[in-house]
Amino acid sequence: MEPCTTPVLLDRNAAAMPNPERRRLLTSLAACGLGALASRSALAADTTPDQALSIVQPPRPAPNFTLPDLDGKLHRLSDYRGKAVLVNFWATWCPPCRAEMPSIEKLYLSLRNKPFAVLVLDQGESLNQVFAYMGQLNPSPTFPVLLDSKSAVAHAFGVMGIPTSYLIDPHGKIVRQAVGGRDFDTAAMRRLIEQLMT
Amino acid sequence: MRRNVSIGTSFLLAALCGLPAARAATPASASAPDQASTPAAAASVAQPSWANHRHAFTVRLIQLSPEGVRGFYENMGYPQAAVAAIARVCVFGTSIHNRGKVPISYDVADWRAVTSDGRQHVLITKTSWLARWKPDGIGSDWSILPAQQTLQPGDWAQGFTTLDVPRGTRLTLHYSWREYGTLHYARLAGPQCGSDAQP
């Protein structure tokens, strides 16, 4: 893990900045404390392929939900029955959430023609906040980004912290889960999802 | 005296969060003795952090300044009263990880911070913060470390841990966790509450 710069240096610089810049900087300072282990290597540390997503035994039904995406289109989880679905709970200010997002996109693209869907549920942020962040991502997500503005769905799933991800089988049952960031762009992850499709 | 900003914000952000632009900086130490850990990087360039990586359940605390905490919650849109409440207390960025082979459970309510005078201080849990913030209209929060949680092997989590002690206080964190039915204890010595920079 690399260190964060000193608060002394930051505060001096931040005080001279226009307010939005200052806020962004200060937010990042605190977020750095939250997300100091968000590097790719840290995400992958000590996670064997089997451990990347832990098994949910017995599988439990995923709570159904209906949420809007960034275009206002409503997505209902039950409409994805028959597909494997990766449901990811995140927020733009959460460093490990940000770190894993490109790997989710790569996974999604690699399985584009398969019965597989990705739904990422932003927690408690406005449409503008999320939309602005999407433009900064490379690659930018092509899967639906949904707004769980009151975190009602997160609470229904029993999410304790973000990021948390669930893998749902084609019958609508949660079969795997991961608390904390992961690297989703792995052959093991693709194999796991392809096994669910058969 | 304040300095003008001579380098771009993006560089500072990169430096803050260990992105490639800052990778040449001093690396943090990966592990620490059971009960005594040291600041993870040179004090002149890093936010001090302390870690105990000796057990399956690893804990790392990162010092945060009150100004940083205030800015974080203001930017999150929290009401001023809620921001003021958390900016008044000692806040650490916290990362926990299950590096073992069995599920691990913890309860922050069981953890204690012991200061040099021997006094024990309970941590202010997420549950407590939600109760304190409820009058301010906050019903949900993702920034504070979950008060209780079960982490499967490979799972990890981050969030703020908080306690009500004066700025600059140095402490030893006594924490515990369960691996199946067995209760384990460990200590993390040295964390120091952050202070705002002097002008």
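The model is predicted: local features need pLDDT of at least 70, side-chain atom pairs count only at pLDDT 80 or more, and totals for chains, interfaces and linings use all residues. Residues are numbered from 1 along each chain as its sequence is written, chains are lettered from A in the order in which they are written, and side-chain values use heavy atoms, without hydrogens and water.

**Sheet of chain A**
- An open sheet of 6 strands in chain A runs in the order β1-β8-β7-β4-β5-β6, with mixed pairing; strands are DSSP runs (E, at least two residues), and pairing requires at least two DSSP bridges.
- β1 (54-61) and β6 (145-148) of chain A are the edge strands, each with a single partner, so one side of each has no neighbour in the sheet.
- Neighbouring strands of this sheet are turned by 25° against each other on average, direction ignored.
- β7 (164-168) and β8 (173-179) of chain A pair in the antiparallel sense over 5 bridges, and A:S165 stands opposite A:A178 in β8(A).

**Helices across the sheet**
- Helix α5 (residues 95-110) of chain A lies across β4 (84-90), β5 (116-123) and β7 of chain A, at about 165° to β4(A).
- Helix α6 (residues 127-134) of chain A lies across β4, β5 and β6 of chain A, at about 155° to β6(A).
- Helices are DSSP runs (H or I, at least four residues), contact means heavy atoms within 4.5 Å, and angles run from 0 to 180 degrees between N-to-C directions of axes fitted to C-alpha atoms, for helices over the stretch in contact.

**Cavities**
- There are 5 cavities of 30 Å³ or more, a cavity being a set of points on a 1 Å grid over the protein atoms alone where a 1.4 Å probe fits but cannot get out.

Notes
On a 1 Å grid over the protein atoms alone, a cavity is a set of points where a 1.4 Å probe fits but cannot get out, and a pocket is an open set with protein on both sides within 12 Å along at least five of seven lines; lining residues have an atom within 4 Å of a point. Grid points are joined across faces, edges and corners, and a volume is the space filled by probe spheres set on the points.
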